Amino acid sequence: EEDASIEIPVLDFPGWAVKVGERVYPHKQGIIGRITVDLAKGEYRVMGEFKNTPVRTLGNTISVLSFMFLVYLAIYGKNRRNFN
């Protein structure tokens with residue numbers, strides 16, 4: 001019924017996009033770092049979408065490869081016991 005500032009209870013990190021309807025809408029950080037969207041009066045469907053950044057993708061890849069390497073070491077070490 002009137003203009004509003006909507007605060008989404010999620011901290012604003014790089015990679016967040018706010019969609020109002022089908023279009024990406026500009027947002028800002030609120031006082032404590034939450035996502036805030038200013039909307040004119042009307043009825044809207046507001047949706048947040050989190051996308052990966054290149055740094056996050058690299059970090060996730062390193063984590064998966066490290067885990068796979070640890071599993072390999074556990075299996076290889078178990079099969080190659082040295083009884084000296």
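Residues count as buried under 20% relative accessible area, exposed over 50% and partly exposed in between (1.4 Å probe, protein chains only). The model is predicted, with local features needing pLDDT of at least 70 and side-chain atom pairs pLDDT 80 or more, while totals for chains, interfaces and linings use all residues. Residues are numbered from 1 along each chain as its sequence is written, and side-chain values use heavy atoms, leaving out hydrogens and water.

**View 1. Trp16 and Phe50 form a tilted aromatic pair.** The ring centres of Trp16 and Phe50 lie 5.1 Å apart with the planes at 55°. Rings of Phe, Tyr and Trp (its six-membered ring) pair if their centres lie within 6.5 Å; planes under 30 degrees apart are stacked, over 60 edge-to-face and the rest tilted. Trp16 belongs to strand 2 (residues 16-20) and Phe50 to strand 6 (residues 46-50), 34 residues apart. Helices (H or I, at least four residues) and strands (E, at least two) are DSSP runs, numbered from the N terminus. Phe50 is partly exposed at 39% relative accessibility, and Trp16 is partly exposed at 22%.

**View 2. Tyr72 and Tyr76 form a stacked aromatic pair.** Their planes meet at 10° and their centres are 5.8 Å apart. Both tyrosines, Tyr72 and Tyr76, sit in helix 1 (residues 54-79), four residues apart, about one turn of the helix. Tyr72 has a relative accessible area of 48% and is partly exposed; Tyr76, at 39%, is also partly exposed.

View 3. Along the sequence their pattern is β-β-β-β-β-β-α. The C-alpha trace spans about 80 × 25 × 20 Å along its principal axes. Of the 84 residues, 15% count as buried.
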